[in-house]
Amino acid sequence: MALVTCNCFTISNGEMQDVGVGLYPSMSLLNHSCDPNCVIVFEGYQLLLHSVREIQIGEELTISYIESLMPSNERQKQLKRQYCFECDCLQCQTQNKDADMLAGEEQVWNESRDAVTKVKNLKSPEEWEQVLVTCQTLLNNNADRLPDTNIYQLKLLDCAMDACINLGLWEQALHYGNRTLEPYRFYYPSFHPLRAVQMMRVAKLQCSQDMFHQALETLKQAYNIMKVTHGMDHSLVQTLMELKEQCEAGMRAQ
């Protein structure tokens with residue numbers, strides 16, 4: 001069981017949501033870095049490895065075993081707990097983004113962190129309204145106390161966006177989605193699948209509001225990332241191109 005825990009990969013769908021785990025022996029040879037030179041995406045159950053920057057001859061290929069949107073000490077705890085090692089990558093040594101991740105009043109972001117943990121367990125259709133109320137209350141109360149770059153504020157924005165989408169509140173969902181884009185750009189490197197997926201989600205919401213010019217620009221940015229992180233043949237890239245065609249048709253109809 002310990003071997004499985006240390007070597008399995010979390011399988012994700014097109015929107016990078018976890019749907020299962022799998023063992024991929026050759027990929028288990030890759031070591032971890034919090035600032036990796038490769039990323040993993042899935043096409044169904046097929047694991048795809050893509051480089052996201054120029055790799056020198058003899059340079060080791062690395063991936064991130066964990067979600068990077070955590071302060072250094074939290075990343076170290078998770079790596080130690082699940083994989084039994086401590087990371088000594090440059091990002092962990094410098095802790096260069098920790099201050100931004102935990103910006104604002106500690107008591108306030110502690111409340112936000114607890115709320116995120118709570119609402120993540122509320123995903124049935126009848127509970128989405130409760131999720132939205134919880135998120136909106138904290139976001140409104142913390143408007144002048146936490147920047148959107150605080151990771152718990154950012155996760156609240158993501159939860160509020162998800163709740164609005166599930167409740168069909170497209171305009172509100174777009175409002176929260178737009179607020180996430182700059183923090184995503186700040187925390188994730190130029191080529192990261194999560195950043196591209198978030199842009200694509202926002203573009204869909206822009207289309208729903210007939211904001212076709214803005215949607216096309218957002219899709220263009222997402223495409224420039226996805227062609228590196230996913231590859232041109234990935235089904236999500238094909239979906240993006242179909243959405244682009246819908247936006248262009250909408251512009252012609254206006």
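Student: What is the relative accessible area of E105?
Tutor: The model is predicted: local features need pLDDT of at least 70, side-chain atom pairs count only at pLDDT 80 or more, and totals for chains, interfaces and linings use all residues. Residues are numbered from 1 along each chain as its sequence is written, and side-chain values use heavy atoms, leaving out hydrogens and water. Buried means under 20% relative accessible area, exposed over 50%, and partly exposed in between (1.4 Å probe, protein chains only). E105 is partly exposed, because its relative accessible area is 41%.

Student: Which residue forms a salt bridge with E105?
Tutor: A salt bridge requires a side-chain nitrogen of Lys or Arg within 4 Å of a carboxyl oxygen of Asp or Glu. For E105, the closest N and O atoms of the pair are 3.3 Å apart. E105 lies in the loop between α4 (98-101) and α5 (106-119) and its partner in the loop between α6 and α7, so the pair ties together parts 40 residues apart in sequence. The partner is R145.

Student: In which helix do E182 and R185 both lie?
Tutor: Helices are DSSP runs of H or I of at least four residues, strands are runs of E of at least two, and both are numbered from the N terminus. E182 and R185 form a salt bridge with closest N and O atoms 2.5 Å apart. They are three residues apart, about one turn of the helix, and both lie in α8 (residues 170-187).

Student: How many salt bridges does the rule find across the interface of domain 1 and domain 2?
Tutor: An automatic or database assignment sets the domain bounds, giving domain 1 (1-96) and domain 2 (105-253). Their contact (heavy atoms within 4.5 Å) takes 16 residues from domain 1 and 19 residues from domain 2. The structure holds eight salt bridges, yet across this interface the count is zero.

Student: How many disulfides does the rule count?
Tutor: A disulfide is a covalent bond between the sulfur atoms of two cysteines. The rule asks for a pair of cysteine sulfur atoms within 2.5 Å. The sulfur of C135 has its closest cysteine sulfur in C159, 4.9 Å away, which is too far for a bond. The count is zero.

Student: Is N142 buried or exposed?
Tutor: N142 is placed in the loop between α6 (128-141) and α7 (151-166). Not counting residues up to four places away in sequence, N142 touches V108, S112 and Q153. Because its relative accessibility is 1%, N142 counts as buried.
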